[in-house]
Amino acid sequence: MLSYTLKRIAIAIPTLLVLIVVSFVLMHSAPGGPFTAERQLPPEVLANLNAKYGLDQPLWRQIVTYVWNIVSAFDFGPSFVYKDRTVNQIIAQGFPITLTYGLLSFAVAVIAGVSLGVVAAIRHNSAVDYAAVGVSIGAQVLPNFVMAPILVLVFTLWLGWLPGGGWQGPEYWIMPVIALSTSFMASIARITRSSMLEVLTSNHIRTARAKGLPERRVILRHALKPAMLPVISYLGPAFVAMITGSVVVDIYFSTGGIGKAFVDSALNRDYAVMMGVTILVGALTIAFNLVVDILYGYIDPKIRY
């Protein structure tokens, strides 16, 4: 297991470096520059700005300097728009908010989705199964940009139970978490139900039941673990999709998360912040896929070889 884990880590590190280099090249290949949106600047002022941010250097030198600053000091450099702030400060302000409700949404989606899928599979073709499938389908057709205004309409405007926006306490977390987790919960429930149904009809489950084992033990000890393989493969990309999909939630609920910073940086041509957020999301994608690979290897030892 240790050898398998080290191999996966050895693949993840160069993947992240390639991501940084490719993102940097693509960002600098885009038309225009960070200062072209402002009023026409005198040539000497534009030259000074380019020199200050290192934009007058050859592209390969800019890439080497950028990668070295990240690797050696985790420094994403200064913002091109906010003169008194660095990219690290902007990310440090918004990312904890996004990560907080992203993790809460992830936990809600996994716990509710797996529970719903397992119950539906155990009660296959019963009223409980039909109800669970109906809830899953209903939840899956409600993406966060539809769910968010419905929640505000019901819980803020009609009932007056929850604040409609902001980030001052736990009561502000509820609607962003529901809006972000609902469709993912439905997908997890659907995957869990299908996988569980397949496992429950396999030979080793028939053998366990033939031995007279209690049904609860058959489900928890012999069926649940193999049924989780497809679910686990979905969880890594799902979590990253929650983080990247938080742009709508950030803007709609005015949480102040990293999604709004990314949109503002794109509108303001703040390439430094765009690069920082892109690399952060890419690193999360690689990290969670790494975790998924390790969990896969733990659950199914055949994958290690």
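This is a predicted model: local features need pLDDT of at least 70, side-chain atom pairs count only at pLDDT 80 or more; totals for chains, interfaces and linings use all residues.
Residues are numbered from 1 along each chain as its sequence is written. Local features need pLDDT of at least 70, side-chain atom pairs count only at pLDDT 80 or more, totals for chains, interfaces and linings use all residues, and side-chain values use heavy atoms, with hydrogens and water left out.

Start with the aromatic rings, where Phe, Tyr and Trp (its six-membered ring) pair if their centres lie within 6.5 Å, and planes under 30 degrees apart count as stacked, over 60 as edge-to-face and the rest as tilted. The count by this rule is eight aromatic pairs. Select Phe 24 and Tyr 66, a tilted pair with 5.2 Å from centre to centre and 45° between the planes. This pair links distant parts of the chain, since Phe 24 lies in helix α1 (residues 2–29) and Tyr 66 in helix α3 (residues 59–73), 42 residues apart; helices here are DSSP runs (H or I, at least four residues), numbered from the N terminus. Both residues, Phe 24 and Tyr 66, are buried, that is, under 20% relative accessible area with a 1.4 Å probe and protein chains only, whereas exposed is over 50% and partly exposed lies in between.

Next, select Tyr 101, Trp 167 and Trp 173, which form one aromatic cluster. Trp 173, at 28% relative accessibility, counts as partly exposed.

Finally, turn to the surface and select Leu 2, Leu 6, Ile 9, Ile 13, Leu 17, Trp 68 and Val 71, a nonpolar patch with about 730 Å² of accessible area together. Its largest share, five residues, comes from α1, and Leu 6 lies in that helix, α1. Such patches are made of residues with over 30% relative accessible area and no salt bridge, with nonpolar side chains (Val, Leu, Ile, Met, Phe, Trp, Tyr) joined within 5 Å and like charges within 9 Å; a salt bridge is a side-chain nitrogen of Lys or Arg within 4 Å of a carboxyl oxygen of Asp or Glu, and accessible areas come from the Shrake-Rupley method with a 1.4 Å probe.

Technical notes. Helices (H or I, at least four residues) and strands (E, at least two) are DSSP runs, numbered from the N terminus.
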